[in-house]
Amino acid sequence: MLKSPAVSDTDRRVHKSKLALKTALLEWMSRKPLASITITDIVKSADLNRSTFYKHYVYKEDLFNELLNDVIDDLKSAYRAPYQHFRDFDIKDLNASAIQIFDHVLAHASFYTLLVNSNVLLDFRDTLYITLKNLYLEDVTDLSPDPRLDKELLACYQANAVLGLVTGWVQSNFKYSASYMAEQLLEFTRMNRSQEIYRSNLHSATNPSSNVMP
């Protein structure tokens with residue numbers, strides 16, 4: 001089931017229809033290529049009519065692209081959750097409950113299952129990797145840098161580490177809870193970089209909220 005973001009009451013019906021169409025599209029993509037899926041296939045599975053589809057989209061590719069953008073936007077929010085309200089945060093003080101990457105994956109379980117277990121979304125794996133890498137490079141400043149470390153390579157390492165954990169979790173058919181996966185990711189991070197302190201670039205230097213993450 002795809003994650004349903006908060007919407008106003010006036011948009012609820014539109015959002016519900018779009019969510020049904022996206023869920024139906026993913027179901028069909030697990031059976032055959034996008035090129036072979038028809039709009040009739042999608043609306044029948046969504047229990048909607050074609051006119052509803054055309055109120056929001058012109059082509060099925062428009063629906064597909066919006067689905068991909070939804071996932072990327074939610075991924076960014078989940079990644080930023082541990083530090084978005086803090087200017088400085090210390091790895092050793094970070095709480096696993098603040099890590100939302102795996103909640104994000106679980107909320108989009110059908111999408112990630114398709115991503116990991118087939119070649120349908122092969123190109124999108126690179127998009128996820130680049131997104132995670134750039135989030136680290138753009139958002140985080142290491143206040144206790146090791147001069148031996150290359151920040152861009154470290155960002156590559158971190159992005160691949162997160163994707164590797166996500167891939168293994170999906171391949172295990174979500175054997176572990178999202179909270180357990182968050183705890184493990186945090187322990188792996190502390191094991192290698194427990195003395196590091198980071199600054200979130202989402203906040204300016206004059207931001208009064210300069211707390212260390214509790």
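This is a predicted model: local features need pLDDT of at least 70, side-chain atom pairs count only at pLDDT 80 or more; totals for chains, interfaces and linings use all residues.
User: Which helix does Ser110 lie in?
Analyst: Numbering starts from 1 along each chain as its sequence is written, and side-chain values use heavy atoms, leaving out hydrogens and water. Helices are DSSP runs of H or I with at least four residues, strands are E runs of at least two, and both are numbered from the N terminus. Ser110 falls in the run covering residues 109-117, which is helix 6.

User: Does Ser110 count as buried, partly exposed or exposed, and why?
Analyst: Buried is under 20% relative accessible area, exposed is over 50%, and partly exposed is in between (1.4 Å probe, protein chains only). Ser110 comes in at 29% relative accessibility, so it counts as partly exposed.

User: How many Å apart in space are Ser110 and Glu27, C-alpha to C-alpha?
Analyst: Along the sequence, Ser110 and Glu27 are 83 residues apart. Going C-alpha to C-alpha in space, the distance between Ser110 and Glu27 is 8.0 Å.

User: Which helix gives the largest share of the lining of the largest cavity?
Analyst: The lining is made up of Leu75, Ile101, Val105, Tyr112, Leu128, Leu132, Val162, Leu163 and Val166. The largest share, three residues, belongs to helix 8.

User: What pattern does the chain follow, read along the sequence?
Analyst: There are nine helices and three strands in the chain. In sequence order they run α-α-α-α-β-α-α-α-β-α-α-β.

User: What percentage of the 214 residues of the chain count as buried?
Analyst: This total is for the chain and its 214 residues. The buried fraction comes to 43%.

User: How many Å separate the C-alpha atoms of Glu66 and Lys18?
Analyst: Glu66 belongs to helix 4 (residues 60-80), and its 22% relative accessibility is why it counts as partly exposed. Lys18 is 48 residues from Glu66 along the chain, yet their C-alpha atoms are separated by 9.6 Å.

User: What value is phi of Asp47 near?
Analyst: Asp47 is in the loop between helix 2 (39-46) and helix 3 (50-56), and at 70% relative accessibility it counts as exposed. Most residues other than glycine have a negative phi. Asp47 has a positive phi, near 60°.

User: What relative accessible area does Phe174 have?
Analyst: Phe174 is in the loop between helix 8 and helix 9 (178-193). Phi is positive here too, near 55° for Phe174. Phe174 is buried because its relative accessible area is 18%.

User: How far apart in space are Tyr83 and Ala98, C-alpha to C-alpha?
Analyst: Tyr83 is in the loop between helix 4 and strand 1 (88-90), and it counts as buried because its relative accessibility is 3%. Ala98 and Tyr83 are 15 residues apart in sequence, and their C-alpha to C-alpha distance is 8.5 Å.

Definitions and conventions: On a 1 Å grid over the protein atoms alone, a cavity is a set of points where a 1.4 Å probe fits but cannot get out, and a pocket is an open set with protein on both sides within 12 Å along at least five of seven lines; lining residues have an atom within 4 Å of a point.
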